[in-house]
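Welcome to my notebook. I will go through one structure with you, entry by entry.

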Protein chains: 2
Amino acid sequence: MREVAIIGAGITKFGEHWRKSLRDIFVESALMAIKDAGVDHIDSMYVGCMSGGLFVAQEHLGAFFADYLGQSSIPAVRVESACASGGSALRMGFIEVASGLSDIVLVGGVEKMTDAEDVTFALATAAEQEYEVFHGITFPGLYALIANAYMKKYGLTREQLAMVAVKNHKHGSLNPYAQFQSEITIETVLNSTLVADPLRLMDCSPVTDGSACVILCPLELAKKYTDTPVKIIGSGMATDTIALHSRKDITSLRAVSLSAERAYKMAGIKPEDVDLAEVHDCFTIAEIIITEELGFVEKGKGGILVEKGETSLGGRIPVNTSGGLKAKGHPVGATGVAQAVEIFYQLQGRADKRQVKNARIGLTQNMGGSGASSVVHIMEVA
Amino acid sequence: MREVAIIGAGITKFGEHWRKSLRDIFVESALMAIKDAGVDHIDSMYVGCMSGGLFVAQEHLGAFFADYLGQSSIPAVRVESACASGGSALRMGFIEVASGLSDIVLVGGVEKMTDAEDVTFALATAAEQEYEVFHGITFPGLYALIANAYMKKYGLTREQLAMVAVKNHKHGSLNPYAQFQSEITIETVLNSTLVADPLRLMDCSPVTDGSACVILCPLELAKKYTDTPVKIIGSGMATDTIALHSRKDITSLRAVSLSAERAYKMAGIKPEDVDLAEVHDCFTIAEIIITEELGFVEKGKGGILVEKGETSLGGRIPVNTSGGLKAKGHPVGATGVAQAVEIFYQLQGRADKRQVKNARIGLTQNMGGSGASSVVHIMEVA
């Protein structure tokens, strides 16, 4: 397998784009990435999108976007793993470049959610339709079940959960692409509307429009395009049961630990070698558990990790410097690629006010459903 | 890149499966393929499906199917290129095995269409939603525009169009997995309900439930599992404008010729080396044009090709020995993989009454939308 590098990135402002369509935001981020990389053509394209069909009644997104990008004729495929669609698309691009089949591959992620008639219904198709959704549960409910079980087992406090949102809003306030650039306090979270006990509105990632793209090429060609390419040194994916009730222990996210294990193995590194990470904080409880599954802290101590400020900017292992899904926003199919964009900017030293000093190794973790899919990528300054 | 082989295949009966769900038919074909290949594990899985969301309100199909196949933990991703989703999934599996990342990869295609509330709406999301579908046109209408322009330009007769359906029904009558196993006559077609002039009901592929799977592995390991592996010697994909009105010439299918050109180049063969082909006859006019774009006959002579019986079983280049989309059925996401299953059976000499004698090289061509995506694979007896 050839070594693979990221040589350019692009991202739209995340938020509510009432005057832009699905194709507009995708093309905006794609052109930004193409310009950033300085490439004059694309050999192939992958697009992560959870549900063009249910959100905006448009499937066939590979050809659709290639067309509007003026690239009709290239191979272009859409990849879907629910909210892990973006990470899955990145993995496909990585494999295609590694295989030797293509040199310049554009990987995009996109979702236009604010136009949908029923966002909750569309998102719920990432869960088990016949045995979970049919009975009325939605994602806040599923993650509330996880949160309750975890709090009971490990003594996580309601305040510690809130600290995840507070930290990510603080980080988001430093990111011009974030949907929410305002800081909040623990009280803001505790006083926000109860959605599914114990989760409140400010524990939940928002509904967002947005798109993000990166350009990949073989490492051996990367220096032709940039002085600061970023290598992808590990890619791991794993699945778990689609339904929460099928799992032995709902306080763990097995697909996350497995995907991380595979990525660490490919990269030949350990969790302590990671300088910063973008993880899938769709709900505050998710970030707590994910930091444990990634090996940043022992099981049951995720709450203490955030409370001590170790995952804040300036801490031991900054997590979600972009603002994460909570503050940057969560256009579901775009999220996995947006995570890669943030790590790319950080490792290139372009993250401005939220720059992690001397960052050399970054990790992205993108998740689908209640943890049935997880994709981890590890990147290093080349 | 490593050489890749198909070592096993499975397929459900195509038709209306009122008593089986999406997961049932997928798992049925997957277990059949696993048994056929004799593998004891799977490293990774790709699933082609056009719209689990719109047909049965279930997305996240990679994890969903891995779970019900008892394979939770493996990487599993859904791939979508409208009706070319199956062919695209096959291409992803091919690339992953070729890259060296995984050895045993299951590639499936599936669609459960008969449960949907509005199949026409779901299928129309493969066209350009804002500029085509919004104005009321659906796929029979788009292909009728193509048919009218082609008939005027090249003098194709209404009877020649009908001959495609007659041939494919004859082939389908020899395939126990086909939805329609009854022969029809030219009169059957000409007297069937007018759908979109000049296309009649019997020019159109049906609404179908079905699933198909193949197991891929590196050629160097293939003999461990079967005495008769089938090599994938070429894989080509291409896109065209999503909307018909954006094309310079709607009597050609540029993505088909481009994808074929790429696959022929990789395989190092010419069209005349192909012994049989499965092509995307979603409407009769499509097969006429595709046989030209694949180089089996010169431009404008596709009608004469079928009239002379050259694409019939026993002819010079048998096309759609399975019955094609018209008679075998067209569960959209499954079609591209089902084509590979047919070629695999043919090259292994397992096609029974529809066996093409001495078949050594077979080709599959799978298309999305009105030709905006096309995927071609070329396979050879190993």
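How much area is buried between domain 1 of chain A and domain 2 of chain A? I found about 2,800 Å², with carbon and sulfur atoms giving 70% of that area. Buried area here is the accessible area (1.4 Å probe) that two parts lose on being put together, summed over both.

**Ground rules.** I am reading a predicted model, in which local features need pLDDT of at least 70 and side-chain atom pairs count only at pLDDT 80 or more, while totals for chains, interfaces and linings use all residues. Residues are numbered from 1 along each chain as its sequence is written, chains are lettered from A and ligands numbered from 1 in the order in which they are written, and side-chain values use heavy atoms, with hydrogens and water left out.

**The two domains.** I looked up the bounds, which come from an automatic or database domain assignment: domain 1 of chain A covers 4–118 + 208–222, and domain 2 covers 125–204 + 233–381. Their centres, taken over C-alpha atoms, are 22 Å apart. I then checked contacts (heavy atoms within 4.5 Å): 42 residues of domain 1 of chain A meet 35 residues of domain 2 of chain A.

**Across the interface.** I found 1 salt bridge between the domains (a side-chain nitrogen of Lys or Arg within 4 Å of a carboxyl oxygen of Asp or Glu). I also looked at R350(A) and D36(A), whose side chains meet in a salt bridge at 3.1 Å, N to O.

**One residue, S51(A).** Next I turned to the loop between β2 (44–48) and α2 of chain A, where S51(A) lies; helices (H or I, at least four residues) and strands (E, at least two) are DSSP runs, numbered from the N terminus. Is S51(A) buried or exposed? S51(A) is buried, because its relative accessible area is 0%, and buried means under 20%, exposed over 50%, partly exposed in between (1.4 Å probe, protein chains only).

I followed its side chain too: it reaches the backbone nitrogen of L54(A) at 3.1 Å. Another partner sits in chain B, as a polar contact of 2.7 Å joins the side chains of S51(A) and E59(B). A polar contact is a pair of N or O atoms within 3.5 Å; within protein, one must be able to donate a hydrogen and the other to accept it, and residues adjacent in sequence count only if both atoms are side-chain atoms. Leaving out residues up to four places away in sequence, S51(A) touches V56(A), R78(A), E111(A) and E59(B).
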